[in-house]
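Good morning, and thank you for making time on the agenda.

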Amino acid sequence: MSIKQNASLLFLAAMAMSCVLLSSGSAMGSGFAIIEQSAASAGYAYAGVAAAAQDASTIFFNPAGMALQSGNELQLGAHYIIPKADFKNQGSTTVLTTPLSGGNGGDGGKSAVVPNLFYMHSFSEKWTAGIGFTAPFGLTTEYDDGWVGRYHGLKSKLATLDINPSVAYKINDQWSVGVGVSIQEAKADLSSAIDYGTALVARGLAPPSASQNLDGKTEVDGDDWGVGANVGLIFEPLAGTRVGVHYRSQISHTLEGDANFYTPDAAAAFAQAAGLVNTTATADVTLPDTVSISGYHAFNDRWAILADITWTNWSLLDELRIEFASGADDSVVTLDWDDTWRYSLGGIFKPMEALELRAGVAFDESPIPNDERRTPRIPGADRIWLTLGGGYQFTQLIRLDLAYAHLFIDDPKINKSATGEDTLRGALVGEYDASVDIISASISFQF
């Protein structure tokens with residue numbers, strides 16, 4: 001296939017993938033990062049991904065890995081993420097100390113498809129280039145309109161599209177380096193109810209019976225493009241033994257969009273005076289940088305072991321602040337997140353040349369520091385991954401990879417108090433029954 005034909009195929013696939021990426025998201029992640037970028041690596045819990053250099057997905061995990069491969073590869077993958085987030089109210093109240101009304105909200109975790117596409121081309125024994133289309137961050141939670149935590153959040157959605165052209169150079173048989181540029185779009189959509197009734201009661205403008213009986217609603221959306229980079233190094237001291245180091249930079253976004261307010265007639269004058277009217281809005285969000293250190297060792301042609309440690313700079317996220325052009329008070333959610341570590345261990349067994357079996361385990365820390373800082377928009381907690389997967393090389397040109405992961409999540413608890421920024425949102429107190437299942441698949445064309 002000619003370079004011109006390769007480019008045409010890549011362009012068509014990328015356009016289709018871009019449309020899907022921006023309509024999808026994930027939920028219940030460690031923070032809201034999405035590591036699900038490779039079906040093959042999913043089988044061993046993403047252990048050793050900065051050193052494995054198994055296929056074209058190395059563009060995301062460590063571009064230096066392209067230098068260890070030859071020829072051309074086009075890979076299309078998808079990950080079906082099935083989160084569960086069932087909330088149980090445990091005594092939530094308004095600032096007036098009356099019980100917050102409403103149900104438990106249904107399952108706040110919404111299933112989503114996270115696709116990815118990678119293409120790489122070897123120009124020589126030394127130089128390889130590639131491009132990746134991924135969704136490295138994503139979030140989707142959505143609750144019933146009348147649920148008890150509606151003033152804290154109804155719908156939360158973040159979707160990203162990251163276009164990552166990369167190049168790799170093989171210095172010698174032991175050392176390889178790679179670098180890439182990330183051109184990233186982020187889109188967000190947030191909604192919540194507004195307790196106008198309690199606001200009026202607290203100011204003596206309405207009788208106590210108005211509390212929670214004059215609900216309004218706000219919907220805010222925005223988008224932005226940002227630029228970052230990633231760089232990686234792979235050292236192979238012995239044949240079949242590799243160590244990889246990879247850094248992916250933070251990317252800053254200033255999301256700009258619209259804020260729409262839906263207000264009952266009885267609260268219209270109050271909303272107008274407070275600036276709670278349809279307007280434009282902005283929010284600054286910095287998506288964190290990461291550092292991964294990975295190891296890969298093949299004992300022989302059949303057995304290999306992989307390990308990985310990844311640090312994520314979540315302490316960048318002190319708060320989520322939305323500013324309104326109308327002059328309304330900023331909407332603030334204090335996060336105070338901590339940096340996190342992810343530890344993973346995996347194995348590969350090849351019973352025959354065309355078949356590869358995989359398994360892995362990982363511990364994935366949550367950045368949420370305590371129950372007071374947990375929000376129903378991101379009700380995450382520490383997670384343990386158990387994964388299984390396999391790959392089959394049907395021909396020299398086509399390979400299929402499949403994987404399944406189950407994530408055990410510590411029961412996340414919320415203990416909000418009706419003070420400060422949460423005065424009118426209420427004291428939301430309760431516990432989640434949470435877990436995640438992930439089904440991953442990819443097809444690779446090597447030519």
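Strand 1, residues 72-89, pairs with strand 2 in the antiparallel sense over 10 bridges. Strands here are DSSP runs of E with at least two residues, helices are runs of H or I with at least four, and both are numbered from the N terminus. Two strands count as paired if DSSP finds at least two bridges between them. Within this pairing, Gly77 has Asn116 of strand 2 as its bridge partner. Strand 1 is also joined to strand 20, again antiparallel, by 17 bridges, and there Asp86 stands opposite Asp433.

A word on provenance: this is a predicted model, in which local features need pLDDT of at least 70 and side-chain atom pairs count only at pLDDT 80 or more, while totals for chains, interfaces and linings use all residues. Residues are numbered from 1 along each chain as its sequence is written, and side-chain values use heavy atoms, leaving out hydrogens and water.

The largest nonpolar core has 27 residues, of which Tyr46, Trp385, Leu407, Val436 and Ile438 touch the most other members. Such a core is a set of buried Ala, Val, Leu, Ile, Met, Phe, Trp, Tyr and Cys residues joined through side-chain atoms within 4.5 Å. Helix 4 (58-61), strand 2 (112-122), strand 18 (398-409) and strand 20 (429-446) each give two or more residues to this core; strand 18 gives the most, with 4 residues. Leu407 touches Arg383, Ile384, Trp385, Ser435, Val436 and Ile438, leaving aside residues up to four places away in sequence; contact means heavy atoms within 4.5 Å. A second, separate core of 21 residues includes Leu190, Tyr196, Ala199 and Ala283.

Is Ala47 buried or exposed? Ala47 lies in the loop between helix 2 (39-42) and helix 3 (49-52), and counts as buried because its relative accessible area is 0%. The cut-offs are under 20% for buried, over 50% for exposed and partly exposed in between, with a 1.4 Å probe and protein chains only. Beyond four places in sequence, Ala47 touches residues including Leu306, Asp308 and Leu345.
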